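This report covers the pockets of one protein model, then its nonpolar cores. The sequence and structure come first.

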Amino acid sequence: MILENFKRESLIPLPVVFISTISGDGVRNIAPYSCLMPVLRSLDLVCVASAKRRDTLVNIKSTKEFVLNLPGTDMLDKVIPTALHVPSNVDEFELADLKEKPSKKVKAPGIQGCYAWMECELHDTYEEVYGGFPYVLIFGKVVHLEVKDDIYDKESGSWDIEKAKPLMMTGSDDGMHFCTVNDTGKFEPYGAMFKNGKDPLERMYKK
């Protein structure tokens with residue numbers, strides 16, 4: 001079956017994260033994003049793709065900071081309330097009935113109820129126009145990373161995805177289908193990808 005090229009989103013499972021920011025005037029904003037990725041395993045950078053007309057983007061450019069909040073499926077009902085197009089002076093914590101989690105390194109608050117939080121400072125932006133549509137890639141430097149104690153094993157660096165139930169989605173012609181991930185039980189060390197069996201980044205994790 002051949003599909004239109006733009007329908008690739010229908011076949012790629014995407015994470016759902018809430019980006020929380022605060023405007024220069026102190027108004028709290030939340031927006032759900034799915035076009036998110038880490039920038040290489042060895043770096044502390046993340047990249048978010050955004051349409052150009054977004055309050056989130058305006059706030060990030062203004063304050064140079066934001067928080068990536070990783071929700072589980074129990075926060076599914078908060079996606080649409082935070083995705084609504086409302087005036088920039090509306091407090092979206094109040095709109096979505098969400099509570100602040102005080103941040104440690106940035107002024108923008110995190111969101112209670114999530115399973116992990118990435119406090120970020122703006123590293124850079126890349127702006128482009130494709131097919132007449134302007135978009136921006138936002139590169140953030142993670143300055144504080146926090147996770148719920150009960151889903152993370154500090155000794156192995158592994159986390160319990162069955163307990164966290166990370167919220168994800170796939171697209172379709174009519175909208176969004178929400179899902180989560182399951183552990184297959186299969187494990188391979190990073191070193192398995194190299195002839196000598198050694199992970200070149202092991203020194204970063206085995207301190």
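## Terms and basis

Helices (H or I, at least four residues) and strands (E, at least two) are DSSP runs, numbered from the N terminus. The model is predicted: local features need pLDDT of at least 70, side-chain atom pairs count only at pLDDT 80 or more, and totals for chains, interfaces and linings use all residues. Residues are numbered from 1 along each chain as its sequence is written, and side-chain values use heavy atoms, with hydrogens and water left out.

## Largest pocket

A pocket is an open set of points on a 1 Å grid over the protein atoms alone, where a 1.4 Å probe fits, with protein on both sides within 12 Å along at least five of seven lines; lining residues have an atom within 4 Å of a point. The lining of the largest pocket has 47 residues, and Tyr152, Gly157, Trp159, Tyr190 and Tyr205 are nearest its centre. S10 supplies the largest share of this lining, four residues.

## Nonpolar cores

A nonpolar core is a set of buried Ala, Val, Leu, Ile, Met, Phe, Trp, Tyr and Cys residues joined through side-chain atoms within 4.5 Å; buried means under 20% relative accessible area, exposed over 50%, partly exposed in between (1.4 Å probe, protein chains only). The largest core has 20 residues, of which Ile19, Phe66, Leu68 and Ile138 touch the most other members. A second, separate core of 18 residues includes Ile22, Phe93, Ala108 and Leu167.

## An exposed loop residue

Lys154 sits in the loop between strand S11 (152–153) and strand S12 (158–159). It counts as exposed because its relative accessibility is 77%.
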